[in-house]
Amino acid sequence: MHKRILYAGFAAGALLAGCQSTKPTTTAKQPVLETLGTHEVPASEFAYVYRKNNSSAPEFGTKPSVTEYLDLYTNFKLKVLEAEQRGLDTTQAFKQELTGYKQQLAQPYLTEKSVTDQLVREAYDRMSKEISASHILIRVAPDADPKDTLAAYQKATALRQRVTGGEDFNKIAQESSEDPSARENGGKLGYFTAMQMVYPFESAAYRTPVGQVSQPVRTRFGYHLIKVNDARPAQGEIKVAHLMIRATPGQPKADSLTAKKKIDELYSRLQRKEDWEKLVTQFSEDAGSAANGGELPPFSTGRMIPSFEESAFKLQKPGDISAPVQTPYGWHIIKLIEKQPIPTFAAMEPTLKSKVAKDSRSELNRTAFLKRIRTENQFAENKAGKDYVFSKADTSLVSGHFKYAAPAATTKASKGPSDNSTLFTIKGKPYLAKDFLTYVQQNQRPRTGSEPRYAMQLLYDQYVDQSLTDYEKANLEDKHEDYRMLVKEYRDGILLFQLMDEKVWSKAIEDTTGLEKFFAENQSKYQWEPRVHGTVISAASPELLTKAQQQMKVGVYAVKDNPLAALQFKGNTTDLLPASQLALDRLATQLATDTTLLLNTASLLKPRKGESAALAKRRSTSVLNYLKQKGVTTESFYTPKGATASQAVLFSTNPAMLEASLNEQNSLAVQIMQRNFQKGDNKVVDELMSKGPGTYNVQKDGRYYAVTIDKALPAGPKTLSEARGQATSDYQNYLEKQWVAQLREKYPVKINQPEVDKLITK
């Protein structure tokens, strides 16, 4: 029967956004499923977890399924109960970790799912169309004083009257828009689609007919007038490569002409069908893409420089190449790789949900959420208390220097409004004026030009929203069964992890004596099947296979690195400079730790320019002596037959070095394995095991193999080092079973079978 992991919710991502069912916790006595010692486990708790983790399984509701899961669940609860008895749920570390998880788990419940769904669908529908627009911006801060907001609105309205009266929109944008780029582009924004502009701007652009100008639209930047120049079906996403020659604005004319000549020559060569990748690698000045054939990440409308984007989207078939196009970065030749239509809604929904949560659209969601919980949580203002705190607003608040001292606890209550007056209530819970005034002092900031009462109103609105949100967070477990159960799962999971690590996981690793004893008592489980020792060379071609075999016969392989190339000496002496001594120290350590490395004593240092062969030889001897002093033994020295000065300085007996050398052009050209093989390790070796020692050439699945079987190894016991991974895992399982048995003895388990039977539906 398929076993499912208990409390899958403990893994990240188990929380499904949008669980909004409201089920208040009942205080009535619930049926008990089982008793662990004196601890009762509610039947509803097990039923919830069983359904959640098994409902999609074919065996769900059968007696074996319920019985098996109850056994797993009981073991889990016993471990959690033990953790509680030991006080692990009272530690500061536990509380901090659980608080962090609760913050994450709460997020989907602090939103309005229906609004999110509407915004996601709206965004997707809008993505089928692209808008070309121009705008005029009159700046005003999001929390500007009402008089400043009104002034900005009136200015925008006056400009709209001029435009609708016949004046040129782009000219007015150049003269009056407070978007700095308008002086250059006349307010033109080019084409864009959904999720590329702030939401109020996007919505106004999509609602305004082509050729018309919107009413003033407020965003966090200020008021906009939007003129829609064109609308077209979405072009989808495109992937291109480019070849670029840099030419920046303002560079000398001669350099600009040189760049243009280069790009024109390259375009001519491409028209003559010269290799694209070769030309890009050699000549493209975009270092980030040149090594990859000039490929750029896929993009859609509004994501690239307009001139580049326009030219790219005009290409029709994969492989088509554009004429040179200029951008502020230089000249580009663009090659189309592929065009992709807009994906389906199902494919885009997860990405759009994530974007909507971070986009300015989220403000709509938050507004709807706050409106709902105001009603649900019975928010009620006390006008007298509110008037009292607003009477405290003065110029010190506008300047950011408002000070407040809370009254002493012994202060006699006043008959009229006071610091102890109720400002508002949430579900009957009073929020006092003094707490809000403390909040004001802590969260104020200078608001030059604002009215004190307006500054106080902004802080009051923030305080109300925060108080409502905090109250909702604090009561989520009472309102949402899904959330309450998730928090419980995470809580129990943290406790379980702490105790399992102590009792099982770390203990199995640290208790070497116990592991050795367990391994010895269960030696029969850790046995080798018949094996062979040998070498397998796999190559992409017969030529590569032959080359690898020939070099394998030599047994040593040249290493490209030359750690002695940068050695420097004092004048014409054999005395090393300090930096070179450090380099030799590193080489000595490398030779000591990697016993496959060999130093070619016949070719240490080649004569350099102006250096005699005799001096080079003396320096080589000096280097050898230095390495010997550092502990390098003669086993690390090597003199290949017919050695010349052109040979490598380092060699290796490790076939991986030969493999790396043969795979410089193609990482899969050659693969070399030299080890023990048992049945199932390698298909080719499996077919040859019965033939005994020898070398066999085989062609299989498009690869060419040379298999050398050196000797057959009989079946026999593994050592602990050979079976440590499996043995440690088995020992952990053994320790866990022992521990569970002890817990069942400490907390006797009594099952209420009639309640269990209610879950058996098949």
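**Lys 711 and onward**

Me: What is the relative accessible area of Lys 711?

Reply: It is 47%, so Lys 711 is partly exposed. Buried means under 20% relative accessible area, exposed means over 50%, and partly exposed is in between, using a 1.4 Å probe and protein chains only.

Me: What should I know about the model itself?

Reply: It is a predicted model, where local features need pLDDT of at least 70, side-chain atom pairs count only at pLDDT 80 or more, and totals for chains, interfaces and linings use all residues. Residues are numbered from 1 along each chain as its sequence is written, and side-chain values use heavy atoms, with hydrogens and water left out.

Me: Where does Lys 711 sit?

Reply: In strand β22, residues 703-713. Helices (H or I, at least four residues) and strands (E, at least two) are DSSP runs, numbered from the N terminus.

Me: Which residues is Lys 711 in contact with, beyond its neighbours within four places in sequence?

Reply: Val 532, His 533 and Pro 693. Contact means heavy atoms within 4.5 Å. Leu 587 is 124 residues from Lys 711 in sequence, and their C-alpha atoms are 36 Å apart.

Me: Switching to helices. What is the angle between α3 and α20?

Reply: Roughly 150°, with the axes coming within 10 Å. Helix α3 covers residues 92-106, and helix α20 covers residues 481-510. Axes are lines fitted to C-alpha atoms, for helices over the stretch in contact, and angles run from 0 to 180 degrees between N-to-C directions.

Me: Left-handed or right-handed crossing?

Reply: The α3 and α20 crossing is right-handed. A crossing is left-handed if the near helix is turned anticlockwise from the far one by less than a right angle, and right-handed if clockwise.

Me: Which residues meet there?

Reply: From α3: Phe 94, Glu 97, Leu 98, Tyr 101, Lys 102, Leu 105 and Ala 106. From α20: Tyr 483, Leu 486, Val 487, Tyr 490, Arg 491, Ile 494, Leu 495 and Gln 498. The contact of α3 with α20 has eleven nonpolar residues, one polar and three charged. Ala, Val, Leu, Ile, Met, Phe, Trp, Tyr, Cys and Pro count as nonpolar, Asp, Glu, Lys and Arg as charged, and the others, Gly among them, as polar.

Me: Next, α13. What span should helix α13 have?

Reply: At 1.5 Å a residue, the 14 residues of α13 (345-358) should span 20 Å. Its end C-alpha atoms are 19 Å apart, which agrees. The expected span is 1.5 Å times one less than the number of residues.

Me: Where does α13 bend?

Reply: At Thr 351, by about 30°. That bend is the angle between axes fitted to the seven residues ending there and the seven starting there.

Me: Which residues of α13 are buried?

Reply: Phe 345, Met 348, Leu 352 and Val 356. The buried residues of α13 pack against α4 (113-126) and α14 (362-376). An α-helix has 3.6 residues a turn, so residues three or four places apart point the same way.

Me: And what covers the buried residues of α12?

Reply: The cover includes β7 (237-246), β8 (299-300), β9 (325-327) and β10 (330-340). Helix α12 (306-314) has Phe 308, Glu 309, Ser 311, Ala 312 and Phe 313 as its buried residues.

Me: Backbone now. What is the phi of Met 195?

Reply: Near 75°, a positive value in a residue other than glycine. Met 195 lies in the loop between β4 (188-192) and α8 (199-207). Its relative accessible area is 12%, so Met 195 is buried.

Me: What about the phi of Lys 427?

Reply: Positive too, about 55°, and Lys 427 is not a glycine. Lys 427 sits in the loop between β12 (422-426) and β13 (429-432). At 42% relative accessible area, Lys 427 is partly exposed. Most residues other than glycine have a negative phi.

Me: Last one. Is Asp 145 buried or exposed?

Reply: Buried, because its relative accessible area is 2%. Asp 145 is in the loop between β3 (129-139) and α5 (146-164). Leaving out residues up to four places away in sequence, Asp 145 touches Gly 449, Ser 450, Glu 451 and Tyr 454.
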